[in-house]
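These are my notebook entries on one protein chain. I set down what I looked up, entry by entry.

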Amino acid sequence: MDKTGQPNLFVLKCILTLISTLFLTTTPAFCKASHRSSPKTTDPNTSSTEPNYTSHIAELKNKLQNKGFTVILQKPFVVIGDEPPETVRSRSIRTVKWSVDKLKQDYYKNDPNKIINIWLFKDSESYNKHTRQFFNERPTTPFGFYSDKHNALIMNIATGGGTLVHEIVHPFMSANFPQCPPWFNEGLASLYEQCREKDGHIYGMTNWRLEGLQKDIRAGKVRPFKDLTSASEFTFYHKPSGDNYAQARYLCYYLQQKNLLTKYYHKFRANCKTDPTGYETLKKILGTKDMKKFQKQWENFVLKLKFP
Ligand SMILES: [Zn+2]
């Protein structure tokens, strides 16, 4: 998407920060998702090209023998953790399976066709030690990160699990909507950093990003939606005007509250050849031509929100 991007834009790498209280809550995350290395997809209905999980897991188990890890197949991911087996199993079901099921229910048909390992290290000691040992990398954050190079989400799970859902959105977005611009990719992922189930669906709640956004709105630092939606990866990640993540998140939150979010996603995806930024589709779904007026209305909506 961004022709001026650095080589490291090929590397999907996320810096995560988390709260450990609720399994689907989180604190500040800076996460950069690349859209240029779109993985091929696997249609679950014609899954003859499904990756070979059996040999992948056998290799992992062999490598991890007697090291105290539990390996669980939680398609399309493999979850690996060194907490007690029942805890790893519980996280695999309550966070990974739950979010995958809910995201697929509302948004995604295709699974990523490569196997992504989700490493849940039990504490900072394990996380630091194993990141060096297994990946020859030094963690740049105490919380966790996603490495496209290693097809791995590497986490210090002691800090919580909310951003796991944020990260899970990205490979699914790549597999289903590889043209998705950064604002919507990060907006949707950020929306589900703090989420719960509502009426059988995944539901994003207000979170820590609200306070900064409210400050930016009061300071007049929030960019027009036309600029946000057309921001390249370089602009979105490196040249924020206010907090791009927060603006994108609370636009998605607004659409969710108006029951327009899933409808918007599907229309945007269908129209992306003629409307690659999603801006025109946004105007249509909002039923407005006056986006200046809408922005004011949205800002007032955001200023009334509360967190916690
Ligand atoms: Zn992200």
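The entries below go from the whole chain to single residues.

**Entry 1, basis.** I am working with a predicted model, in which local features need pLDDT of at least 70, side-chain atom pairs count only at pLDDT 80 or more, and totals for chains, interfaces and linings use all residues. I number residues from 1 along each chain as its sequence is written.

I find twelve helices and eleven strands in the protein chain. Helices (H or I, at least four residues) and strands (E, at least two) are DSSP runs, numbered from the N terminus. Of the 308 residues, 42% are buried, that is, 20 or more other C-beta atoms lie within 10 Å of their own; 12 or fewer count as exposed, anything in between as partly exposed, and C-beta atoms are placed from the backbone. I also looked up contacts, meaning residue pairs whose C-beta atoms, placed from the backbone, lie within 7 Å. Among contacts with a separation of 6 or more, 68% join residues 24 or more positions apart.

Two packed helices are described by the angle between their axes and the distance between the axes. I took α6 (residues 209-218) and α12 (residues 291-304), whose axes come within 9 Å and cross at roughly 135°. This makes α6 oblique to α12, since angles under 35 degrees count as roughly parallel, over 145 as roughly antiparallel, 65 to 115 as roughly perpendicular and the rest as oblique. The axes are lines fitted to C-alpha atoms, for helices over the stretch in contact, and angles run from 0 to 180 degrees between N-to-C directions. On the α6 side I note Leu213, Gln214 and Ile217, which meet Glu299, Val302 and Leu303 of α12. By class, this contact has four nonpolar, one polar and one charged residues; Ala, Val, Leu, Ile, Met, Phe, Trp, Tyr, Cys and Pro count as nonpolar, Asp, Glu, Lys and Arg as charged, and the others, Gly among them, as polar.

Most residues other than glycine have a negative phi, and most peptide bonds are trans. I found a cis peptide bond between Lys75 and Pro76, with omega about 5°; Pro76 sits in the loop between β4 (70-74) and β5 (77-81). Asn66, not a glycine, has a positive phi of about 60°. I place Asn66 in the loop between α1 (53-63) and β4, where Asn66 is exposed, with 5 other C-beta atoms within 10 Å.

Notes
Contact = placed C-beta atoms within 7 Å.
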